[in-house]
Amino acid sequence: MDKLKFAVYWAASCGGCDVAILDINEKILDVAQVADIVLWPIALDFKYKDVEALPDASVDVCLFNGAVRNSEQEHMARLLRAKSKVMVAFGSCACFGGIPSLANVSTRERIFQRVYQDTLSTTNPDTVFPQTTCPVPEGELELPEFYDTVRSLEQVIPVEYFVPGCPPPVDLICTALDAIATGQLPPVGSTIASEKILCDECERERSEEKTVRQFKRPWQIIPDREKCFLEQGIICAGPGTRGGCGARCMKANMPCRGCFGPPLGVRDQGAKLLAAMASLVDSEDPTEIAEIVGQIKDPLGTFYRFGLANSVLGRVKP
Amino acid sequence: MSKKETIRTVIIDPITRLEGHGKIDIFLNDAGDVENAYFQVPELRGFEEFCRGRPVEELPRITPRICGVCPGAHHMASSKAVDAVFHVEPPPAAKKLRELFYCAHMIHSHIAHFYALAAPDFVLGPQADPAERNILGVVAKVGLEIGGEVIKHRAYAQDIQAMIGGKATHPVCGLPGGMSKPIDEDERKQIQEMAESTVEFAKFSLQLFNDVVLKNKEYVDIILGNIYTMQSYYMGLVDGNNKVNFYEGDIRVVDPEGKEFAKFKPADYLDHISEHVEPWTYLKFPYLKSIGWKGFVEGRDSGVFRVAPLARLNVADGMATPLAQEAYEAMYSTLGGKPVHATLVNHWARLVELMYAAERLLELSKDSEITSPEVRTIPTATPDEGVGVVEAPRGTLFHHYKTDPEGMVTDLNLIVATGNNHAAICMSIKKAAQGLIKQGKVSEGLLNMVEMAFRAYDPCLGCATHALPGQMPLVVQIRDKDGLPLQRIER
């Protein structure tokens, strides 16, 4: 049997997904047994021309991490889609937009103004901003176009599978790689993670009673390490988040922020979380419930931390 | 024919093994010599804008996504900044636990960089066949057993970070006033064992550098040669005794002669650093404010400064642990004193720092207070403004937040390690290109030596590369004035 052909690519991301692949340590050698990696910019040789020269659908699987933030990333997403039989959105940014898509609260113009003009250490008397084409004394230099709106991968090209997480945990990466290597792929559209909510795998004790009279911020109390965060009044995204992460943050005594995205069947993670918060409030009075939930600071940045691009909102109107 | 019409371009694009990609454009003049070189960073994400309006205690969980290769550095700078915003002092055990975590972070990064990125150039040689000039080639030459040791000790460093921070990449443990949880005695013992092993591994690494690099005159000549040398200011954190410190201290700046030029509290950074904007790159150019931005020029009249391992050693009076101090003294006595301006010496400095990080990790793992359950102080003051600074593996990292009285972020400023080196990287590339490309002659080996100029800085653009077999792929197009290719070189 011919070896499989793999491609790994990164777009608007931090490199943490690539490091997560490296963190499978010696297992990377098993991957090399069954697959040739034809593209992996962070670690291996990479030439645009080589990718362009490949026949369509000649790459078996492409693991694509990062959101789509600029013209070069969109170009590469489309190119790799054409060359790949199976496209995997790898990590929270590719799956849902991730933290980079929090930029959808703003616009290109305001981001440039902030970064290149208003930031405290910037000195820019001539209001110089980066340009897509820039004449220099010796010729011309080009930069990719920075878009107004950050998109998830699926908003740009069709995607077959999703591996969530910021970054995806090693066991899920191995599960995905095994499925690919053995050809035992799940139905198209599947997410390689749990189908249940995170609370179902969290080991913290829950009373299943409405207990919240006031939401607290993480710095305000030292939470009990055995008890449900929500029952201690600390916002935790568990009830609106897919499981499969191993509850790594909760074990470090910090609440979930939702990097695995919405659970199966939930379209909008933030709406689901808002409803979940309301259901915890120790009151039967709708006005009082609304008042207590209304005390939550920054619901947008909290409940859509990893998924503003994919949310029903998509972005904040400029 | 005017000069402009005859200029040809060498484009090194895309540079892989760079976080967020990168691109080098080298312009040749009529004679085929290098006229100018540009190092572009073609990516921006805008954290300074979209972190506004967030609860400030969430920033230690948001800002590490700036870089998934040094998330520990952003997490710690951010944790220190939120302490300052809330005017809260973490308990002693929390500070020690943070520093312990941070030593592990440094170890992971320095091991990965040295063995996967730097070693191929020296163990195999800068002009070696590109097919062999990678970590696999290194392992083939030095032995499989050593490859296993490299993977093992990098994995130790990742395990320690995950033990404390929940995840090695994007840890969650830091919050205003301390840490989310203590470590227990079992964990402490495991850390101590891993630290003991890492000290031995650091000794081995310094010995390897000595045997493979320093005993080879050809390599020493390359390292100390003019094309890789640049006179500049240096910046880094020092402790109360002016020894290198990664987690806290004052910021010290030395001039190109090695004399103290400035020493200041991190909170006062705006009095000393400013940033310049160019239209051809998305990354800004920090410079020393009292001197000013004078363009891409060397020397004491230019505000360009450098950060990262060699800079840290150049600004300090020594190392705070015995074996690292020994290695520090050996380095400077071999090279004829301080400061050292040879950019490639960063690789040696990185190993001296690996030794310090390992020794300090071991010290902290044996500290009687390290398992104390007292790791949080609940803030009581009204939040307003704070600065957090650490030495990231690649240099000084600044986080500065302002909030409203509710602790919601109103303003945010970030100066990242590689940003500090951006001007110097551009200049080092240009100088190397000028020294190596003559009369239009560009060979693969020469291009690798151009890349070595920026690889020494370990630009965070490329941090993650460090753990896998890989080589810098290059496509070089030399074009005439009509854009038609005259020569194409690739590997």
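Tutor: One term before we start: helix axes are lines fitted to C-alpha atoms over the stretch in contact, and angles between them run from 0 to 180 degrees between N-to-C directions. Also, this is a predicted model.
Student: OK. At what angle do the axes of α7(B) and α8 of chain B cross?
Tutor: At roughly 145°. The two axes come within 10 Å. Helix α8 covers residues 185-214 of chain B.
Student: Left-handed or right-handed crossing, α7(B) past α8(B)?
Tutor: Left-handed.
Student: Which residues meet there, α7(B) to α8(B)?
Tutor: From α7(B), B:E149, B:H153, B:Y156, B:I160 and B:M163. Their partners in α8(B) are B:E187, B:I191, B:M194, B:S197, B:T198 and B:F201. By class, that contact has six nonpolar, three polar and two charged residues.
Student: Now the two chains. How many residues of chain B are in contact with chain A?
Tutor: 77, and they meet 71 residues of chain A. Several elements of chain B give two or more residues to that side, among them α7 (144-165), β3 (34-40) and β14 (409-415). The chain B side has 36 nonpolar, 22 polar and 19 charged residues.
Student: New topic. Where is A:I296?
Tutor: In a loop of chain A, between α10 (286-294) and α11 (299-303).
Student: Why does A:I296 count as partly exposed?
Tutor: Because A:I296 has 16 C-beta neighbours inside 10 Å. Buried would take 20 or more, exposed 12 or fewer.

Definitions and conventions
Residues numbered from 1 in each chain as written. Chains lettered and ligands numbered in written order. Predicted model: local features only at pLDDT ≥ 70, side-chain atom pairs only at ≥ 80, totals over all residues. Helix = DSSP H or I, 4+ residues; strand = E, 2+ residues; numbered from the N terminus. Contact = placed C-beta atoms within 7 Å. Nonpolar A, V, L, I, M, F, W, Y, C, P; charged D, E, K, R; others polar. Left-handed = near helix turned anticlockwise from the far one by under 90°.
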